[in-house]
Amino acid sequence: MFDKNTIARLQSLETPFYYYHLDVLRKTLEACKAASSKHGFHVHYAMKANFNPLVLDIIREYGFGADCVSGNEVKAAIAHGFGKENIVFAGVGKSDKEINLALDEDIFCFNAESVQELHVIDELAKAKNKVAKIAIRINPNVDAHTHHFITTGLDENKFGINTWQLPEVATALRNCANLQFLGIHFHIGSQITDMEVYKNLCTRINEIQDWFEDRGFTIKVLNTGGGLGIDYQNPDTNSISDFESYFKVFKQFLNVKPGQEVHFELGRALVGQSASLISRVLYVKNGQKKNFLVLDAGMTELIRPMLYQAYHLIENLSRKSESKDSQSYKYDVVGPICESTDCFQKDVDLPESFRGDLIAVRTAGAYGEVMASSYNLRDRVASIYSEE
Ligand SMILES: Cc1ncc(COP(=O)(O)O)c(C=O)c1O
Ligand SMILES: N[C@@H](CCCC[NH3+])C(=O)O
């Protein structure tokens with residue numbers, strides 16, 4: 001991914017920045033499209049993973065819909081040409097302003113996350129003399145077997161409506177004249193690599209679908225959410241997630257009735273491998289117990305390691321051509337921010353590194369640039385693309 005010419009080009013640029021491997025992005029989108037359309041499945045891109053404008057334009061070109069989680073994301077999806085009929089709006093705390101915006105834009109559907117929200121959407125739709133299309137986000141209490149902090153489908157999580165509240169949902173749907181019930185929505189967590197988890201999700205969706213149908217509701221949309229994981233350890237040899245196996249689980253285990261649509265909301269798996277954070281070594285600090293590489297990027301540019309102890313492969317691009325047998329050194333790779341947790345990784349094996357070396361933090365395309373901040377009054381991080 002980083003050949004000699006690329007490294008020479010990056011070497012001349014001011015750091016830090018996100019470097020977009022657009023070929024990887026395109027190949028990933030092609031693979032997902034091929035695997036999903038084989039089964040007639042619809043994929044909405046979860047924009048929260050990365051709303052870089054060029055990334056959005058490329059994803060739209062491939063015909064994906066958009067899964068939004070704020071009014072601004074709905075606006076951005078529309079501005080980037082995603083069809084309104086392909087925009088879904090989730091979120092546990094949609095404000096009245098955001099709901100009104102989505103109503104005005106006639107988006108495909110709201111994924112409602114509480115009974116109270118159903119009543120609010122109904123009232124706001126009534127005031128506009130409109131009917132809002134609704135899917136109910138249900139918390140199925142399925143363990144995603146991922147990091148605790150990015151699990152969303154357990155009873156203890158704030159997301160979705162618990163199954164014990166479904167009778168209340170059914171009453172609300174019957175009483176709210178300005179809601180049109182489309183179907184059911186789930187999202188149980190992120191960075192899921194165990195396909196058994198999705199099999200368990202299908203079993204729960206089938207049961208919940210039966211519950212609604214037994215009470216006379218017609219389900220047009222089954223939205224299974226996203227969460228498919230990526231290989232943070234091997235970005236070069238395994239850069240594209242196994243979309244075939246993923247969609248096959250749903251094909252096999254989800255009880256899809258004639259006329260129903262199956263929707264997915266993938267974020268990380270579509271964009272995660274498509275960017276690296278590129279930074280420079282500012283200082284090499286040799287301590288008594290530790291050697292530190294102090295980079296010019298830190299938690300303000302990529303917070304995942306500090307927030308979830310997430311692993312990202314770290315490479316010294318300036319020493320990439322050195323023989324594999326040359327001696328390696330252990331460094332704590334840290335950022336410049338005034339926080340002790342501002343560390344990308346401890347005890348990283350790297351070639352001997354020097355001030356000015358270019359460091360790549362890989363697999364930073366999802367929840368990287370979008371989670372950047374200006375803490376310490378830092379500049380917002382720049383984006384550079386493999387195609388100029
Ligand atoms: C409702 C919803 N859909 C989709 C996603 C996308 O998740 P991922 O990036 O893990 O595919 C998220 C984020 O976790 C989400 O909250
Ligand atoms: N931002 C998280 C995942 C949360 C996904 C959105 N619900 C990450 O970097 O892994």
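**View 1. Contact between domain 1 and domain 2 in the predicted model**. In this predicted model, 15 residues of domain 1 are in contact with 22 residues of domain 2, where contact means that the C-beta atoms of two residues, placed from the backbone, lie within 7 Å. The side of domain 1 that touches domain 2 is made up of seven nonpolar, six polar and two charged residues. Ala, Val, Leu, Ile, Met, Phe, Trp, Tyr, Cys and Pro count as nonpolar, Asp, Glu, Lys and Arg as charged, and the others, Gly among them, as polar. Local features need pLDDT of at least 70 and side-chain atom pairs count only at pLDDT 80 or more, while totals for chains, interfaces and linings use all residues.

**View 2. The two domains of the chain**. Domain 1 covers 4-17 + 273-385, and domain 2 covers 22-272; the bounds come from an automatic or database domain assignment. Between the C-alpha centres of domain 1 and domain 2 there are 33 Å.

**View 3. The shell around ligand 1**. Ligand 1 is surrounded by 16 residues, each with its C-beta atom, placed from the backbone, within 6 Å of the ligand. The closest are Ala-46, Ser-190, Gly-226, Gly-267 and Arg-268. Strand 10 (261-266) and helix 10 (268-271) each give two or more residues to this shell. Helices (H or I, at least four residues) and strands (E, at least two) are DSSP runs, numbered from the N terminus. By class, the shell holds seven nonpolar, six polar and three charged residues.

**View 4. Cys-338 in its loop**. The loop that holds Cys-338 runs between strand 14 (328-334) and strand 15 (343-351). Cys-338 counts as exposed because 9 C-beta neighbours lie inside 10 Å; the cut-off for exposed is 12 or fewer, for buried 20 or more, with partly exposed in between, C-beta atoms being placed from the backbone. An unreviewed UniProt entry lists Cys-338 under "active site"; such annotations may be inferred rather than shown by experiment, and their positions follow the numbering used here, with feature names shortened. Residues are numbered from 1 along each chain as its sequence is written, and chains are lettered from A and ligands numbered from 1 in the order in which they are written.
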